[in-house]
Amino acid sequence: MSDEKRPIGTSGTPGRGNRSTSPSAAARALGGAQPVKRPVTKVKKATPPPAKAAPAKTTAKKPPPAKKAATKKAATKKAAPQAPPRLRAVTDEDAAAAAAAAAEEAARRTRTAGAAPLSAGIPLDEIVVAIVQAAQRVLGTDWEARIATLLATIRRRLDGDYEIDEFGFDPQITEVFTAAIEPLAEKWFRLEVRGIENIPAEGGALLVANHSGTVPIDGLITGYAVKKYANRNLRPLGADLVFSLPFVGQIARKVGATLACTEDAERLLTTGELAGVWPEGFKGIGKPFAERYKLQRFGRGGFVSSAMRAQVPIVPVSIVGAEEIYPLVGNVPSLARLLGLPYLPITPFFPLLGPLGMIPLPSKWIIEFGEPIRTDAYEPESADDPMLLFNVTDQVRETIQQTLYGLLVERGNAFF
Amino acid sequence: MGRVVLVTGVASTFASRFAHRLAHLGDDSGIDRVVGIDTILPTGDLDGVKFVRADVRTPVVGKVIAVEDVDTVVHLDVGPPTRGRSSAAKELNVIGTMQLLAACQRSSTVGKFVLGSSTAVYGTSPRDPAMFTESLLARGGVRSGFPKDIVEVESYVRGFSRRRPDVIITTLRGAQILHPDIETPIHRYFTNPVLPTAMGFDPRLQFLHLDDALNVLAEAVLHDRPGTFNVAGDGVVTLSQAARRLGRPIVPLLPIGFAVASRRMIRTMGSDISPDLHRLLQYGRVVDTSALRDIFGYDLNWTSQETFEEFRATVKPGILATLGGRTS
């Protein structure tokens, strides 16, 4: 009784331990019968391979030093016939099995005898098997080939041995990027894609979409949808602000974006690429939440003239859902001008919750690729006819606006 | 009677190689004599080239043209300053071109003018289109330094072409040559043990192979190819890719103050960075060479990648070269 009332660590009853120099009895029991000392010899005895451990059975109380195991072959042969309880004829296989059993028992004993945790861990072969099974589960049955390919790709990347096109488009980076966006698009935004058959399987086309959402995430998701469902690379045309920002511009170029100017658009379209353009620009993404799904002016119709010169179809794209990800309720024009930005957004969460406010709200998305508007009926020279350009621009704009209204009705609630 | 070609700036390795090559083209080329002019003695092999030590910034050059009966002028004395401040280079580039053009305008013998210009005339800025064709103008980055000089030089040459419409004028806008023997700003940059870059930017670069550069210039001298043409290896190499190929680590510096920081860093390593290179290292520049192929009629033999690969084989591998398993 009185012993128990002593404060801990004042060297009470034997076996209690004082926490600094000697461990308690419980700690000693955990560690094994012997005091935890001389770890070097423990490790040595702990690591004999199974065949080496065979003699250990004969001298089970005191495990042999490593030198004794040098005569392992002879010892194994000798030890196996000696084993008293075995009465049947001893073959080589039996000897091996006995050796293995002896090894295991020795290993178990050393484990219980408080050997270093190195030997007590999971055996190496089991780890290997586990790794192989995990690889098979993750990568499929041809995991060896796939890992080899992956390693070779990483090596080539580190070596700089890869090709990019003149725009800076890097197909390998784009694939990784697409895979990274997939959960965001499919799980978070619950993306629904319609009319994917309207994207031509080959040849150039100009995708024209509405722009919204404060941060141009709709461009990323559209690129993902085109890559995933139509298996084509979308080459977005971005504002020059994108390319003057560090990191953003670099990544944009690598995933295939380029500057929204007539030269680049025509170069992409004439070489049979799929270009994407958001003609509303900053007016579209920076509009207040109250004006959601109201299309702004469609630029100056430059995209129509580019498509006409290249004689490629225009595919109107209606994106529903991007408006709700960051509801723009306010703007700080003076600060934005100071920072050289087109607007500085205030959302219900953004400056308030700091970085948490940058998480987009999980709205439901629908992207509909509309029926292509052909431009090859017009002469390439008619790209210089402003009245025709305005008409076609209005046609594209009206198509997208009407589709948006229809999709909004079908979607119902924005979040559930 | 054969032709007489005047090559300016022959003290530089590239111009002296070109002069040497012109002089050894043989008799069927119709070139009788090659005259080289520069203010300092050339170090290269100028066998067969008549060297005149004169300053293109003085009216002496007019006398040289008159005395030698020069009918073709190849102006290669325009180039980015390799070190130090750019005021001396500006003097040479702009004033030299003015004096040379004045002399050509007076001369009755000159019938062809070839300008070895640079793609720096397009400047570098984030508002650049992906590829520059010859008809596009710079959108930024030509307000100072060598890009400004080269824009002025080209405008003087255009003025000359208005005043002397009978003279055939070829302007060749070349990318930077990447060759172990030719000293260009980008070559010097890549020989640094570590490469300072602007954080968050990965510029697309183009290089020109020495053979292609010499061939295109010789073609312009031997045949009549009036116009302006971009000359650069097809394809692009990004700076990060180039650094990985060389096995040299890159050191990202803040984009604000990148010019000062990179210069200080490279000087610490015992080398020097040319002024104006920092803009190229931030935004890069790519030109379209289809006019050279379709109108000029020359197919480039080397892409930018191949040019870079040949260059890489000649320099010492960097400390990260073993990372990708490359042995040589």
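A residue is called buried if 20 or more other C-beta atoms, placed from the backbone, lie within 10 Å of its own, exposed if 12 or fewer do, and partly exposed in between. This is a predicted model, in which local features need pLDDT of at least 70 and side-chain atom pairs count only at pLDDT 80 or more, while totals for chains, interfaces and linings use all residues. Residues are numbered from 1 along each chain as its sequence is written, and chains are lettered from A and ligands numbered from 1 in the order in which they are written.

Q: How many of the 5 residues of strand β2 of chain A are buried?
A: Strands (E, at least two residues) and helices (H or I, at least four) are DSSP runs, numbered from the N terminus. In β2(A), which covers residues 205-209, A205(A), L207(A) and A209(A) point one way and L206(A) and V208(A) the other way. In a regular strand the side chains alternate between the two faces of the sheet. Both groups are buried, and the number for β2(A) is 5 of 5.

Q: Which residue of β6(A) is the bridge partner of A209(A)?
A: Two strands pair if DSSP finds at least two bridges between them. Strand β2(A) is joined by 4 bridges to β6(A), residues 314-320, and the two run parallel. Within β6(A), the partner of A209(A) is V317(A).

Q: Which residues touch the most other members of the largest nonpolar core?
A: A nonpolar core is a set of buried Ala, Val, Leu, Ile, Met, Phe, Trp, Tyr and Cys residues joined through C-beta atoms within 7 Å. The largest such core has 152 residues. Those that touch the most other members are L206(A), L207(A), V7(B) and A19(B).

Q: Which strands stand at the edges of the open sheet of chain B, and why is one side of each left without a neighbour?
A: This sheet has 7 strands in the order β3-β2-β1-β4-β5-β6-β9, with parallel pairing. Each edge strand has a single partner strand, so one side of it has no neighbour in the sheet. The edge strands are β3(B) and β9(B).

Q: How many residues of chain B are in contact with chain A?
A: Two residues are in contact if their C-beta atoms, placed from the backbone, lie within 7 Å. On the side of chain A that touches chain B, the elements that each supply at least two residues include α7(A) and α12(A). Chain A contributes 21 residues, and the number from chain B is 24.
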